[in-house]
Amino acid sequence: MDESRYRIEVYSTIADHRGEALRARLVRLGYDVSAVTITDNYLVNADLSGEELESVARMLANPVTRAFTVNRPFAPERFRYAIEVGFLPGVTDNLAHTARESMEDLLKRRLDPKTSVFSSTGYFIDGGLSRVDAERIGMELYNPLIQRLKVLDRPEYTTAGGMGRALPLVRIHERTVADEVDLEIPEDELRRLGREGIPDSDGSRRGPLALDMLSLDAIRRYFREDEKRNPTDVELESIAQTWSEHCKHTIFAARLDELDDGIFRRFIREATMRVRREKGADDFCVSVFEDNSGGIEFDDDYVVSDKVETHNSPSALDPFGGAITGVVGVNRDTIGFGMAARPIANRYGFCFADPFDETPLYRSKDEGSRLLSPRRIMEGVVQGVNVGGNCSGIPTPQGFVYFDDRYKGKPLVFVGTIGLIPAKIDGKPSTEKKAMPGDHIVMAGGRVGRDGIHGATFSSEALGSGSPATAVQIGDPITQKKMSDAIIKEAREKGLYHSITDNGAGGLSCSVAEMAREAGGFEVELEKVPLKYPGLAPWQIWVSESQERMTLSVPPEKSGEFIALMESRGVEATVIGRFTGSKRGMVTYHGEKVFDLDMDFLHNGLPQKSLKTSRPTGPTLHPDIPAPSDLGGALLDMLERLNIAGFEFISTQFDHEVQSNSTLKPLHGPGRVNASASVIRPLPDSVKGVVLSQGLYPSYSEIDPYRMAACSIDTAVRNAIAAGGSLGRLALLDNFCWCDSDNPERLWQLRQAAQACYDYAVAYGTPYISGKDSMYNDFHGYDANFNPVSISVPPTLLISSIGIVADVWRCQTMDFKFEDDFIYLTGITNDETAGSEYAAMASESAGRRGALYGSEVPRVDAAANARLYLAYEAALARGLVASSVSLERGGLGVALARSAMAGKLGADVDLALVPGAAELREDIILFSETQGRLLASVAPANAAAFEELFAGMPCARIGRVTRDGVLRIRGCDGAPMVSCGVDDLLDSYRKTFGDF
Amino acid sequence: MAKPAVLVLTGYGINCDEETRYAFERAGAAARIVHINDIISSPSMLSEFQIAVFPGGFSYGDDTGSGKALADRIRNNLMDEFSAFIGRDTLMMGICNGFQVMTNLGIVPGLEAPIGNVQISLESNTSARYQCRWVDLAAVPGNPSVFLRGIDRLHVPVAHGEGNFYAPPEVLAAIEEKGLVALRYAKSDGSPAGGEFPFNPNGSMNDIAAISDQSGRILGMMPHPERNILFTQREDWTYLREKARREGVRVPVEGEGLALFRNAVSYFG
């Protein structure tokens, strides 16, 4: 083992807040911990003079609050165990990277980027702890997939002279040549090749190609008949990436029953095309489905882009790394939109299992394969989005959390980015780009390592014990920020490139091949690609998903200027080949041809799958929800539920104010209640805004997937309207996260949902501009007793909405603002409780967790709702509304509570006045999740004007705002049924996540 | 009157440069965003500017300590030039990460000349978590800051993980004695936060949110005045608008953070 010359340990000389926060967290988790001291450690393996060493160490330690040791183990006065967490060899170490840059700047000479600096964190823990406790705390602090852990007790630490100076160097002894892969093999061997990957010489497999027999046959036929040879591993891996479910959406493209053109073309794309046709001159779509994001008109001079991605499988393995990589990845879908848009906001959505559930699950029959607990996943994902957004200077205003036990095997992590780009750049539409034959292929940003190899094919497989550890990457927002600024703020304006796309799934193999469609073909010299460490095989360089990279098409006469500009901004950029008009893709490695394919085959050779659906027997519903004896208590219980409770701890740690565009924020009113929509104002000199929201109802999916999708769309639309959006300037994004998608019954649900996506997008005139699907969110492993268990996520459709707000001054928050304001409810309330949050609570309190209570899933009447929304939009535009909230999960009761809590004002409400209430029980009126409803408070002086706008529509004044801070609700017979102080409501609302 | 020229620094993860430029432009200055590497390659350009700003951001991802690596970049390449800049009749401002950079360069509090001696630190929030929230600030009477002339109270956001003001006892005493505390975290009625979260969002000693140097020409602050330039940037603007309408009062267009930038411009008027 190589040892570092120097080890520098930096420790705090004043109260250690990080250590104290960790101590408090460990105590909450049940450990007897009295003190935690944290150190930041650096291995510096370089020849330094004594003076240089001293100045390097001094540079790493703040002189006011830190001190350091060099090659002498630090030890606080009190500790029982010492724990060190560092990265595994080859894992991105951002801290070490910065430390090395600072050292180089100080020393005025280069240090070896691969071997000179490494970082780690030391934890010194005191308290009544056993060895087992210390090991468990270690598990809490590290992730075995990306980090290394060392736990020593005090005597061991002293005897060993500290944690040691072993360098975590990458040692790879792969063959760095391309191999031929024999496809002329028996069918079962070929099938295995597709499932487990290319065999190495030692018989081990490289990891899934995720190619089925249909695809493998097509590949074999192509090589046999057209190329008359076997493929190289580079070619086969590359085809697998390009044809992956992740990249080609094979299920959405498949023939489904009698639908020859498949779900995407038939339902999603066709909805958009029809909406655009019907809108005619009012069509505001600029770029749909063809680029890295979708784009709509902001105003005459600007285009707004949006894209929502999922990063589920990586987040299950490494929640922090998976989530941060998801964020910086979808940011690149903005930078790669058109000629490069500037990211102006992030959005997020998390589907987790109950964070208080600590019952273990295992990937294999082995204690060491334990899945991270839902709490660890939640904490890691939240931290990942925090760092990804905050460090990039992109505000993260909009998001949601949703909980269901069925996300325990695989969480869903949605991340989206909104971008802004001038409509024209240098006189040409900014959304058009074209790589030209002869252009240099330039890779800019980070270097290439083994990170994320097989990410695209991995996401096409269910999560099990074979999940590859190399699928995990850690994004580096600062490297990307430097690159993003240099491209968007400088290179774009200077016209230094013809086209740009991001390196995401499939790495260079996908980005280069994708751009080559614009030019015709490409030639790449793989040895020119800068690597993080030596020893990568050519196929690995070609498909690696190392982060923070863009691929650009740069005219040869400008590539010198482009590369010099990047260098002056601390960004590495390298010419790795050129685009051609040859219709062939060619890759060489040190002069040897390792890839030579027909472009048409690569892009269009994938045979269309043919799939069948089969209607499943729906679940049995228990229509009669037991009526609660205390409706006020039921309301308080609802506010505590995971899916309704406030998550301020997330909103406040995501910077939503950076870029100063925040207008409607994630928390409303003095009561700080989480909002369902956000508005940003991207250009301070324009009053136009962008409204962002979403809707999802996974709890409806098994009961009625069609209505589930309809409700998701209605909610995404309605939330945007409630904030100040316009129905005529609203677009949608679809993210399908399905499960077990080879199963005809799951495909039936998918088809139902997609049919509703078509019907309701057309009915509302809201086009889809971008979408993404993730079809295999299943977990196959073992339960706490090591019995086999399979967990599939509920079919989950996230509909995100993005709209242009004509004037941000019309926007409104949910908080009640003044006493004696009238409270209006628009829309009819029906008995629609199946799959509702109230029904879930009822089934749990009846001790029948999982049983499906309720009458039916809400039916959406788009025509009636659209009239209401247009009237509501007019009311907001005329400034008649003093508070505005959409009724979602938890229905009217929760909406009333949210407005009351946000404004810290009370209300008097009569349920008898609710439109549609006549036949209904009070608890149903309060908690039914009927769509299409909005709750507003209106100054008495504006009441007549407000009512006039809703003439002939269901709209009722159901109560008034009061000053005494009590929410009073009377039943249909006028008897008081709820009387809850706003402070009590807030206590319940804040209790669930109070410790996070 | 010629518009004062403002240098808004950028590079390596600084990310509040655009809105900081906008604030100065709206206040009447001519502001330019300049990459630090461009200053390193032609340091004499500093002489063209009257005001220099270190904007907020995440320079170098806070690695090795917030603001530290960028401060080291300046210290290793531009220390003489920035000292000369401060030596002229100029203004300098650091916001959030920029304040952390200035702190690591020993520009504030600057108790002893020459600058470069680090005397204070912005430590991890006591919550050990990033805090993005609006706070109330009270200006400290007697503080000489040019930027805060005529300002008593300020409602602006903070957004940071490391804004917990720390100074060794003798330094803290000197800062207080010389009146260098410019802004303190307060409750909404203007009374002292008294270290209480969330009014004091990070645990800062003596509720210190901003300090100036002795001349009043240099200000370092954790909160973000450039994020309250427009009224619709406030977190409570929908309430205040409703209130103004009912009282028949004009609804403001601008935010109160703009006053700091106007003060800076007026200094050269």
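Reader: How much area do chain B and chain A bury between them?

Author: This is a predicted model, and the value is computed from it. Carbon and sulfur atoms account for 54% of the buried area. Chain B and chain A together bury about 5300 Å².

Reader: How many residues of chain A are in contact with chain B?

Author: A contact requires heavy atoms within 4.5 Å. On the side of chain B, 64 residues take part. Their partners in chain A number 70 residues.

Reader: How many salt bridges does the rule find across the interface of chain B and chain A?

Author: The rule asks for a side-chain nitrogen of Lys or Arg within 4 Å of a carboxyl oxygen of Asp or Glu. Across the interface of chain B and chain A, the salt bridges found number nine.

Reader: Which element gives the most to the side of chain B that touches chain A?

Author: Elements giving two or more residues to that side include the strands β5 (121-123) and β6 (131-139) and the helices α1 (17-26) and α7 (237-247) of chain B. The leading contribution is eight residues, and it comes from α7(B).

Reader: Which strands are the edge strands of the open sheet in chain B?

Author: Nine strands form this sheet, in the order β2-β1-β3-β4-β11-β10-β9-β6-β7 (chain B), with mixed pairing. An edge strand here pairs on one side only. The edge strands of chain B are therefore those at the two ends of the order, β2 (30-35) and β7 (153-160).

Reader: Which residue stands opposite B:V6?

Author: Strand β1 (residues 5-10) of chain B is joined by three bridges to strand β3 (residues 51-54) of chain B, and the two run parallel. In β3(B), the residue opposite B:V6 is B:I51.

Reader: What is the omega of the peptide bond that joins B:V108 and B:P109?

Author: Most peptide bonds are trans. The bond between B:V108 and B:P109 is cis, and B:P109 is found in the loop between α5 (97-104) and β5 of chain B. Its omega is about -5°.

Methods. Residues numbered from 1 in each chain as written. Chains lettered and ligands numbered in written order. Predicted model: local features only at pLDDT ≥ 70, side-chain atom pairs only at ≥ 80, totals over all residues. Heavy atoms only, no water. Helix = DSSP H or I, 4+ residues; strand = E, 2+ residues; numbered from the N terminus. Buried area = accessible area lost by both parts, 1.4 Å probe.
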